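Here is a friendly tour of the structure below, for a reader who likes to think in axes, strands and contacts. Please keep the viewer open while you read.

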Amino acid sequence: MMRAFAGLLALVLIGLPILIAPSELTGALGVIAGMLCAAGIGALSVPLLAAGAALSLVVYALVLWPSVGPPAPLGAVALGVVLSLLFQVVGFAAHFRGAAVDSHVPPGQVRYWVGNGIGTAVVGILLSISASGIALRLPLPAYPAVVALGALAVFLGVVQALIRAPKGVRPTSREDQR
Amino acid sequence: MSAQVTRLTGPIVSLVALALLLGVLSGRAELFLVTVPLLVTLFSIALRAGQPEYTLTHEVSAARVFERDRLTVTVTVTAHSRIPLLELFEPLPSTVALASGDNRAVFSLEPGQRIRWTYEVQCLGRGRFTLGTVHVRLWDRSGLRLHEARHRAAKLVRVYSRTEPLRRLPQPRRTQTAVGNYVSPTFGEGLEPGDIRPFAPGDRVRHVNWRSSLRLGRLYVTQHHQERNADVVLMLDTLGYVGLPSASSLDLCARAAASLARAYLSRKDRVGLIEYGGFLDWVRPGSGSPQMERLFDALLSAEVMFSYVTKDLALVPQRVLPPQALVIALSPLLDERFVKAMGDLIARGFDVVLLSICPVDLSRGFLSASPVDALACRLWALERQAQIAQLRRQGLVVIEWRPDQPLELVLAPLIHRRRWRALPG
C-alpha cells in the first residue's frame with residue numbers, strides 16, 4: 001500500500017517535468033530517474049530514492065532552462081510537495097518495515113501527510129505571491145536573487161535548528177524509578 | 001532519552017541544496033519554489049520540540065519454565081502527553097523464538113491513553129536468559145526527528161530441561177536403609193512375603209501363617225521382605241558435545257538426566273548428580289521436591305568447559321558417590337577421559353550403567369549429504385561400535401541411545417535384564 005502510494009508520487013515527480021517540454025534527452029533522463037526511484041521504493045532505500053529525485057530535479061532544470069516566459073509557481077510548489085511527501089512516505093515504510101503497526105497509526109499518518117501537503121503548498125503559494133509583489137517594484141534581474149536570498153536564509157535557519165536540536169526529554173518508567 | 005535527527009534529513013537537505021544550485025545556475029524561480037515545501041517540513045523539526053512523557057512497565061508471565069514452553073511478554077505504556085509514533089522493540093535472546101505477535105511494534109497515543117503490547121515467545125533450549133530491555137523510539141510524524149530511550153527491567157527466566165515420563169526404570173542392585181519402593185532381599189517389615197519360620201516369642205499374631213500352622217501342627221509366621229530405597233547418582237559428561245544448539249548431545253543427556261532424576265525421586269530414592277567435565281561439579285544425593293529443584297538447577301547450568309586437566313573421581317567425596325549407589329552415566333563417549341572414569345568406577349565396585357547417545361546420528365543432522373561425509377560417519381560409527389564392545393568386555397553395561405528413540409524404549413532391555421539380579425543390600 002505504502003509502496004503503491006510512493007510509486008504514484010514518484011510517477012508525478014518524474015512525469016511533471018517531462019510533460020512541460022517532452023524531448024529525447026529529458027525522456028531518457030526521466031527513465032533513469034524512474035528506475036532509480038522504483039529501485040528506491042522497492043528496496044525502501046532512501047539514498048536510491050534521493051538519487052532518482054535529484055535526477056528528476058536536473059530534468060526539471062533542463063526543461064526550464066530554455067523557457068523565457070513568466071514563472072509557473074503552482075507546478076513548482078506541487079513538485080516540491082510531491083517530493084516532500086515521497087520522502088516522508090518512503091521513510092515511514094523503511095523505518096517501520098517488519099514491525100507490527102497498530103491499526104490507529106496509518107489513518108493518523110495519512111491525515112498528517114494531507115495536512116502537511118496542504119500547509120506546505122499554501123506556504124509556497126503565499127511565498128510566490130509575496131515574491132511577485134516585491135518583484136513588481138524591483139527590476140526583473142533582481143527577482144531570482146531575492147528568492148535565492150530568502151531560500152538561503154530559510155536554509156541556514158533550518159541548519160541552525162538542526163544543530164540546536166532538543167536534547168533533554170523526560171521519560172518516566174516505573175522500573176527506572178525503582 | 002536522547003533526541004536526534006534521522007537519516008532521512010540528509011537526503012532532503014541535499015536535495016534542497018541541489019535545487020537552490022540549479023535555480024541559481026538556470027536563473028529560474030521555480031527551482032527555488034520547489035524547495036519551499038521541503039524547507040517547511042525541515043522547519044517543523046524545530047517547531048515541534050515537545051517533550052513526550054510516558055510510563056512503561058514490562059511483565060513476563062513466568063520466571064521458570066520448561067523447554068518448548070511459551071512465555072507471554074506484556075508491555076504497558078501510558079502516555080502523559082501526545083506521542084505521534086511510538087516504536088517499541090525488545091531484542092530476544094538466541095534461545096527463544098517468537099511464537100505469536102511481534103517483538104517490534106508501532107503505536108500512536110493520545111494523552112492519557114494506555115496500550116498493552118503482548119507477544120509470546122517459545123523457549124527452545126535449557127538455560128538462563130534475561131528479558132526486559134525495551135528500546136523505545138518516539139518518532140516525529142515527518143520521520144525527520146526521533147527520541148530514543150532504553151528501559152531496563154531485567155527479568156531472569158530459567159528454562160529447565162523437559163522431562164519425559166518413565167514408568168519403568170533400571171532397578172538398583174543394592175538398596176539402602178531408608179524405606180522405599182524396592183523389595184530388599186533382607187527380611188523385616190514389608191508387604192512382599194518371603195519365607196515362613198516357626199513362631200518365636202515377640203512375633204506378632206497378624207504374621208502367623210494359619211494355613212501352614214494347621215498343616216504342620218505348630219505355629220509358623222510369614223517373613224516379609226523389607227522395602228527399601230536406593231541411591232542413584234547421575235553422571236553427566238560435560239567434556240564435549242556434538243550437535244546443534246538446543247539439540248546437542250549435552251542437551252539430550254541433560255533431558256535424560258532430568259527425566260531419570262524425576263522418576264527416581266518419585267520412587268523415594270536418593271538422587272545425586274556429578275558433572276564430569278573441565279570443571280567437576282556435583283549435587284549430593286537427596287530425596288524429595290527440594291532435591292529435584294537442586295538437580296534441575298544444576299542441569300540448567302551444565303555446560304561444556306574444556307580443559308586438558310584430567311579430573312579424578314577420587315576428588316568426589318564419598319557422601320556424593322555412596323559405595324552402593326547405582327551410577328547412571330550419560331555420555332556421547334567423545335572423550336577418552338570419561339571412558340577411563342567409567343573403568344575406575346567399575347574397578348571400585350560400583351553398579352554402573354552407561355547410557356550413550358549416538359553422536360554420529362546427531363552429526364548427520366548438520367553435515368552435507370556428500371559421499372565423504374557419509375564415509376566419515378560410517379567410519380565413526382564403526383569406531384564407536386568397537387569402543388562400546390571393548391567397554392562391554394570390561395563389564396560395563398552400555399545402552400546405546402539413538403536421538404530419535406524415546407528414553408523409556410532405550411531403557412527397556414536393561415529393566416528386563418536387571419530385574420532378578422538384585423544383590424543383598
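In this predicted model, helices α3(A) and α4(A) pack with their axes 11 Å apart and at an angle of about 170 degrees. Since angles over 145 degrees count as roughly antiparallel, α3(A) and α4(A) are therefore roughly antiparallel to each other.

**Helix pairs in chain A**

- On the α3(A) side of the α3(A)-α4(A) contact you will find A:Val46, A:Leu49, A:Ala53 and A:Tyr60.
- These residues meet A:Leu79, A:Leu83, A:Leu86, A:Val90, A:Gly91 and A:Ala94 in α4(A).
- Sorted by class, the contact of α3(A) with α4(A) has nine nonpolar residues, one polar residue and no charged residues.
- Another pair to look at is α1 (residues 2-20) and α2 (residues 24-42) of chain A, whose axes come within 10 Å and cross at roughly 165 degrees.
- That angle makes α1(A) roughly antiparallel to α2(A).
- The crossing in which α1(A) passes α2(A) is right-handed.
- From α1(A), the contact is made by A:Arg3, A:Ala6, A:Gly7, A:Ala10, A:Ile14, A:Pro17 and A:Ile18.
- From α2(A), the contact is made by A:Thr26, A:Gly27, A:Gly30, A:Ala33, A:Gly34, A:Cys37 and A:Ile41.
- By class, the contact of α1(A) with α2(A) has eight nonpolar, five polar and one charged residues.

**Where chain A meets chain B**

- The contact between the chains takes 67 residues from chain A and 66 residues from chain B.
- Several elements of chain A each supply at least two residues to the side that touches chain B, including α3 (46-64), α4 (73-95), α5 (105-137) and α6 (142-163).
- Which of them gives the most to that side? The helix α4(A) does, with 14 residues.
- The residues on the side of chain A that touches chain B divide into 44 nonpolar, 17 polar and six charged.
- Strand pairing also links the chains: β1(A) and strand β7 (residues 104-109) of chain B pair in the parallel sense over two bridges.
- The bridge partner of A:Ala100 in β7(B) is B:Ala105.

**Domains of chain B**

- Chain B is divided into domain 1 (54-160), domain 2 (188-227) and domain 3 (231-418).
- The C-alpha centres of domain 1 and domain 3 of chain B lie 39 Å apart.
- The contact of these two domains takes eight residues from domain 1 and seven residues from domain 3.
- On the side of domain 1 that touches domain 3, β9 (127-139) and β10 (145-160) of chain B each supply at least two residues.
- By class, that side of domain 1 has two nonpolar, three polar and three charged residues.

**The six-stranded sheet of chain B**

- Six strands form an open sheet in the order β16-β15-β14-β17-β18-β19 (chain B), and the pairing is mixed.
- The edge strands, β16 (281-286) and β19 (397-401) of chain B, each pair on one side only.
- From one strand to the next, the twist averages 20 degrees.
- Strand β18 (residues 351-357) of chain B pairs with β19(B) in the parallel sense over five bridges, and B:Ile357 stands opposite B:Trp401 in β19(B).
- Helix α4 (residues 249-266) of chain B lies across β14 (231-238), β15 (270-277), β17 (326-331) and β18 of chain B.
- That helix, α4(B), runs at about 170 degrees to β14(B).

**Other strand pairings in chain B**

- An open sheet of three strands has the order β11-β13-β12 (chain B), with antiparallel pairing.
- Its edge strands are β11 (179-188) and β12 (192-198) of chain B, and the twist averages 40 degrees from one strand to the next.
- Within this sheet, β12(B) and strand β13 (residues 220-228) of chain B pair over six bridges, with B:Pro198 opposite B:Tyr220 in β13(B).
- Strand β4 (residues 70-79) of chain B pairs with strand β8 (residues 114-123) of chain B in the antiparallel sense over nine bridges, and B:Arg70 stands opposite B:Gln122 in β8(B).
- Strand β6 (residues 96-100) of chain B also pairs with β8(B) in the antiparallel sense, over four bridges, and B:Ser100 stands opposite B:Glu120 in β8(B).

Technical notes:
Residues are numbered from 1 along each chain as its sequence is written. Chains are lettered from A and ligands numbered from 1 in the order in which they are written. This is a predicted model: local features need pLDDT of at least 70, side-chain atom pairs count only at pLDDT 80 or more; totals for chains, interfaces and linings use all residues. Two strands pair if DSSP finds at least two bridges between them. Axes are lines fitted to C-alpha atoms, for helices over the stretch in contact, and angles run from 0 to 180 degrees between N-to-C directions. Ala, Val, Leu, Ile, Met, Phe, Trp, Tyr, Cys and Pro count as nonpolar, Asp, Glu, Lys and Arg as charged, and the others, Gly among them, as polar. Domain bounds come from an automatic or database domain assignment. Angles under 35 degrees count as roughly parallel, over 145 as roughly antiparallel, 65 to 115 as roughly perpendicular and the rest as oblique. A crossing is left-handed if the near helix is turned anticlockwise from the far one by less than a right angle, and right-handed if clockwise.
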